Amino acid sequence: MIVVLQRVSRACVRVEGEVVGTIGPGLLALVGAVEGDQESDVDYVAKRLLHTRIFADDADRMNRSLLDVGGQILVVSQFTLAGDTHKGRRPSFVRALAPDLAAPMIDGLIERLRESGVVAQSGIFGAHMEVELVNDGPVTILLDSRQTRRGGYREAID
């Protein structure tokens, strides 16, 4: 899974002009499921979203996690994160996981986040969405569930 993670003061997502998800301080996670993703990728991403320390501590250092600060999270599915722009002028989305396989993975991620006690909101899978956010910092982090600690890629998550 590929995630663009943003620390936000607030964020919301609208479908057909109606707010379907809104949060206060916390994280906005734009999430794309890609070919080869498995349940272990969902587990990995959930842990990273909950435990990545990008919130300020008392010394104003990024040393607290979403769980530490009691923040909220808004998860928005975004297949375009799988876009490949290496050839031609139009991105190829062949790496994006098929919708019938991706939707349960995104739903599983949201469920894992909620099970941790975090307020987790979401967009609507497959819908045309308008995402509004106030990036706090700005802080934006890229996560890839298949990237190893050494910077390379692996086939599956431990």
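User: How many residues does helix α3 have, and what span does it reach from its first C-alpha to its last?

Analyst: This model is predicted. Helix α3 covers residues 99–115, which is 17 residues. From first C-alpha to last it reaches 24 Å, close to the 24 Å expected at 1.5 Å a residue. After α3 comes Gly 117, whose phi is positive, near 95 degrees.

User: Which residues of α3 are buried, and what do they pack against?

Analyst: An α-helix has 3.6 residues a turn, so residues three or four places apart point the same way. In α3, the buried residues are Ala 102, Ala 103, Met 105, Ile 106, Gly 108, Leu 109, Ile 110 and Leu 113. They pack against strands β3 (26–32), β6 (72–77) and β7 (120–122), and against helix α1 (39–51).

User: At what angle do α1 and α3 pack?

Analyst: The angle is about 40 degrees, and the axes lie 9 Å apart. An angle between 35 and 65 degrees counts as oblique, so α1 is oblique to α3. The crossing of α1 past α3 is right-handed.

User: Which residues make this contact?

Analyst: From α1 come Glu 39, Val 42, Asp 43, Val 45, Ala 46, Leu 49 and Leu 50. From α3 come Met 105, Gly 108, Leu 109, Arg 112 and Leu 113. By class, the contact has 8 nonpolar, 1 polar and 3 charged residues.

User: Is Gly 137 buried or exposed?

Analyst: Exposed means over 50% relative accessible area. Gly 137, found in strand β8 (residues 129–144), has 61% relative accessibility and therefore counts as exposed.

Note on methods:
Residues numbered from 1 in each chain as written. Predicted model: local features only at pLDDT ≥ 70, side-chain atom pairs only at ≥ 80, totals over all residues. Heavy atoms only, no water. Helix = DSSP H or I, 4+ residues; strand = E, 2+ residues; numbered from the N terminus. Expected span 1.5 Å × (residues − 1). Buried < 20%, exposed > 50% of the residue type's maximum accessible area, 1.4 Å probe, protein only. Contact = heavy atoms within 4.5 Å. Axes fitted to C-alpha atoms, helices over the stretch in contact; angles between N-to-C directions. Parallel < 35°, antiparallel > 145°, perpendicular 65-115°, else oblique. Left-handed = near helix turned anticlockwise from the far one by under 90°. Nonpolar A, V, L, I, M, F, W, Y, C, P; charged D, E, K, R; others polar.
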